[in-house]
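Let's take a walk through this protein together, one piece at a time. Keep the picture open as you read.

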Amino acid sequence: VFSDACNETIMFFCCLLIYYKIKMHGFPDYIPAGYYPLLLVIYYSMKLVLPWRHRFMLWRSVRNCLLSPLVSPSYLDSYVGDVLTSCVKILQDAVWTFCYIFSGQFKDEGASEWQTSFFFRRVLLPFVCVFPLWIRLQQCFRLYWETQKAFPHLFNALKYLLSHIVSMFAAFYPTSDLVSSESWLLCASFI
């Protein structure tokens with residue numbers, strides 16, 4: 001693990017250093033600066049899959065998470081689902097990176113319309129916020145169906161159902177301009 005972390009950190013810092021040196025005109029730009037983030041994405045994408053014998057169980061658990069509630073979740077599947085719920089910001093960054101690369105913005109690095117588009121801001125990002133919670137909700141329902149034990153499965157399902165509300169509100173209203181100080185006082189009075 002330490003060796004992999006060192007190699008990936010060295011790759012990141014090399015690409016970052018070359019990118020900034022080219023941008024500051026301190027390095028010849030035989031390869032345009034925008035291609036270095038692309039190189040980094042390709043490298044990390046390969047590290048997610050290779051070596052396959054080490055990544056197989058992870059990807060099988062991700063597949064089982066995507067197929068929930070059709071597949072009975074194992075402990076590892078539930079753990080991967082929990083990790084996905086904790087990594088929403090990372091998943092949003094991955095979606096942003098995917099759009100950055102496939103829009104071709106890395107070539108010219110100018111302003112692009114996809115960042116402010118309705119689909120990206122109001123459909124794709126909220127979906128990425130809520131989908132891991134949906135996976136865990138479905139896993140909890142499946143475990144309840146298999147065991148017929150309300151505790152802890154239905155209580156966990158309720159937790160993830162209520163998390164949907166919070167995540168959707170945060171995704172559609174990311175700024176605090178909609179929440180006035182009176183609203184905060186009202187919420188505080190209920191607590």
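F151 counts as exposed, at 63% relative accessibility. The scale here runs from buried (under 20% relative accessible area) through partly exposed to exposed (over 50%), using a 1.4 Å probe and protein chains only. Keep in mind that this is a predicted model: local features need pLDDT of at least 70, side-chain atom pairs count only at pLDDT 80 or more, and totals for chains, interfaces and linings use all residues. Residues are numbered from 1 along each chain as its sequence is written, and side-chain values use heavy atoms, with hydrogens and water left out.

Now zoom out for a moment. The protein has nine helices and zero strands, so reading along the sequence gives you α-α-α-α-α-α-α-α-α. Here helices are DSSP runs of H or I with at least four residues, strands are runs of E with at least two, and both are numbered from the N terminus. Of the 191 residues, 28% are buried. Look also at contacts, meaning heavy atoms within 4.5 Å: among those between residues at least 6 apart in sequence, 60% join residues at least 24 apart.

Next, the rings. A pair of aromatic rings is described by the distance of the centres and the angle of the planes. Rings of Phe, Tyr and Trp (its six-membered ring) pair if their centres lie within 6.5 Å; planes under 30 degrees apart count as stacked, over 60 as edge-to-face and the rest as tilted. The whole structure holds ten such aromatic pairs. One of them is W52 with F56, an edge-to-face pair at 5.8 Å centre to centre and 70° between the planes. These two sit four residues apart in helix α3, so about one helical turn separates them. W52 is partly exposed at 44%, and F56 is partly exposed too, at 37%.

Back to F151, which has a partner in F155: their ring centres are 5.6 Å apart and their planes stand at 65°, so this pair is edge-to-face. Again the two are four residues apart, this time in helix α8 (residues 150-172), and about one helical turn separates them. Elsewhere, W96, Y100, W114 and F120 form one aromatic cluster.

Last stop: is S68 buried or exposed? It lies in the loop between α3 (52-66) and α4 (75-86), and it counts as buried because its relative accessibility is 12%. Leaving aside neighbours within four places in sequence, S68 is in contact with I135, Q138 and Q139. A polar atom of the S68 side chain also lies 2.8 Å from the backbone oxygen of C65.

Notes:
Polar contact = N/O pair within 3.5 Å; in protein donor to acceptor, adjacent residues only side chain to side chain.
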